[in-house]
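Keep the sequence and the model in view.

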Amino acid sequence: MDEYLRILLSQIRCRRARDMVGKEVRDHILDQAEAYEQTGMEHRKALEEAVRDMGDPVEAGAALNRLHRPQTDWRMLALIGLVSILSMAVHAGIGDKGLALDDAYGLRHGIGVLAGYGLMLAVCRIDYGYIGKYAKGIAVLFWAAGLFALLFGRGGSGAVRWLSFGSLGTTDMAYLYIPVYGGLLYRYRGEGYGGLRKCILWLLFPVLLLRMNSLPAVILLFLILAAMLSAVIGKGWLQVRRKRTLAAFWGCFGLLPCVWAAVLFASGKLPAYQTERLKVFLGQEGSVGNYQMMMASECLKNSRLIGGSGGEITNLASIQNEYLLNFVANDYGMAAMVFIGLLLLAVAARVIHVSFRQGNSLGMIMGCGCGMFFEAVTIIDLLHCFGKIPPTRLFLPFLSPDTGGLAVAYILAGVVLSVYRFQRINGNYAVAAENGQ
């Protein structure tokens with residue numbers, strides 16, 4: 001039996017799968033040998049017959065290797081590759097038009113996109129299971145970085161405190177907390193209200209960023225994490241009363257903050273800049289944000305369906321993030337802008353589709369969190385483009401010139417590709433765990 005297992009397992013290239021496959025095959029052989037012994041066969045002879053029943057170890061090992069080898073989601077790679085090519089082309093065209101940009105602008109963005117794509121390929125080769133295994137330690141590092149920024153970070157531009165590590169800013173790095181929080185939720189599955197309290201405490205990480213950076217970004221991150229927690233409650237991961245718990249959770253963390261903000265707004269006790277933002281969202285006239293919304297809408301009215309409008313945009317804040325698609329519509333036509341928007345939504349849909357098909361619960365919740373992020377920021381940027389909401393300082397995945405935003409988008413995409421790559425391996429581990437093996 002040991003020799004048979006040695007030959008069989010040598011055919012399996014994935015090291016992580018070998019231990020599980022070896023245990024399953026060994027258990028199957030011993031069970032079959034026990035069945036032979038019950039018919040009166042001597043133990044050694046029964047074991048030999050059980051091994052012989054398994055067939056050729058090389059052929060069996062090759063078949064198991066095909067079953068347990070890592071996979072590549074070529075469809076997602078192609079979609080993100082197409083978005084990346086369009087991103088380089090768009091910014092190369094924008095750089096050629098001047099707009100107070102230096103001659104190397106398009107080249108720098110192209111290098112950033114290529115580096116991000118390479119980073120994504122590197123991340124996808126790392127087993128996402130390590131995030132779940134070390135989720136608490138990684139989360140502590142995020143909290144430590146947030147506290148450090150709060151105490152020692154720089155201030156200004158409407159942000160009380162922030163830090164930057166190269167091209168990565170505080171808000172950029174905060175989005176990487178999404179898959180980590182998925183790992184935390186996975187660790188507390190099966191627990192009761194005590195586990196729920198721990199999940200809520202880990203959820204409060206965005207509140208730590210509330211006084212140091214973009215409020216819209218903090219709200220977006222909080223809502224994504226809250227949706228992830230709601231999903232695991234609804235799926236029964238936590239041993240709590242689902243409907244009552246969800247109602248209480250969203251009542252405390254959804255309704256009450258809105259009521260509190262409304263009271264402060266009505267009493268005039270909010271800071272001036274926050275009052276101005278709320279006025280914009282409420283559609284009140286006479287604000288800078290409202291002016292930007294009108295200019296974005298006017299830009300689209302002047303754009304052609306196909307081809308450039310022949311003019312230059314000079315009355316929008318910049319090409320950075322919120323209004324990038326307006327520049328695309330102005331320079332290449334409405335059709336190009338709509339195509340890029342639909343392509344980004346297709347990436348988000350692919351991410352969510354891959355995540356929901358996972359047999360491993362950890363991969364499912366991590367991937368769904370990343371998918372919700374891609375979908376939310378794409379929809380928000382499309383609303384910016386049509387002038388429906390004021391600027392929120394969020395980046396457009398894979399397209400914004402913000403290098404930190406590019407890195408975050410490609411890292412999160414790499415995590416989802418890792419979920420797909422190891423689904424046959426970690427998915428089989430999940431089934432084994434549920435069966436008590």
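This is a predicted model: local features need pLDDT of at least 70, side-chain atom pairs count only at pLDDT 80 or more; totals for chains, interfaces and linings use all residues.

Residues are numbered from 1 along each chain as its sequence is written, and side-chain values use heavy atoms, with hydrogens and water left out.

Student: How many salt bridges does the structure hold?
Tutor: A salt bridge is a side-chain nitrogen of Lys or Arg within 4 Å of a carboxyl oxygen of Asp or Glu. By that rule, the number of salt bridges is seven.

Student: Which residue pairs with R26 in a salt bridge?
Tutor: The N to O distance is 3.4 Å. R26 lies in helix α2 and its partner in helix α1 (residues 2-9), so the pair ties together parts 24 residues apart in sequence. Helices are DSSP runs (H or I, at least four residues), numbered from the N terminus. The partner of R26 is D2.

Student: Is D2 buried or exposed?
Tutor: Buried means under 20% relative accessible area, exposed over 50%, partly exposed in between (1.4 Å probe, protein chains only). D2 has 53% relative accessibility, so D2 counts as exposed.

Student: What is the closest N and O distance between E3 and R6?
Tutor: E3 and R6 both lie in helix α1, three residues apart, about one turn of the helix. They form a salt bridge, and the closest N and O atoms are apart by 2.7 Å.

Student: In which helix do E48 and R44 lie?
Tutor: Their side chains meet in a salt bridge, 3.7 Å from N to O. E48 and R44 are four residues apart, about one turn, in helix α3 (residues 43-53).

Note on methods. Helices (H or I, at least four residues) and strands (E, at least two) are DSSP runs, numbered from the N terminus.
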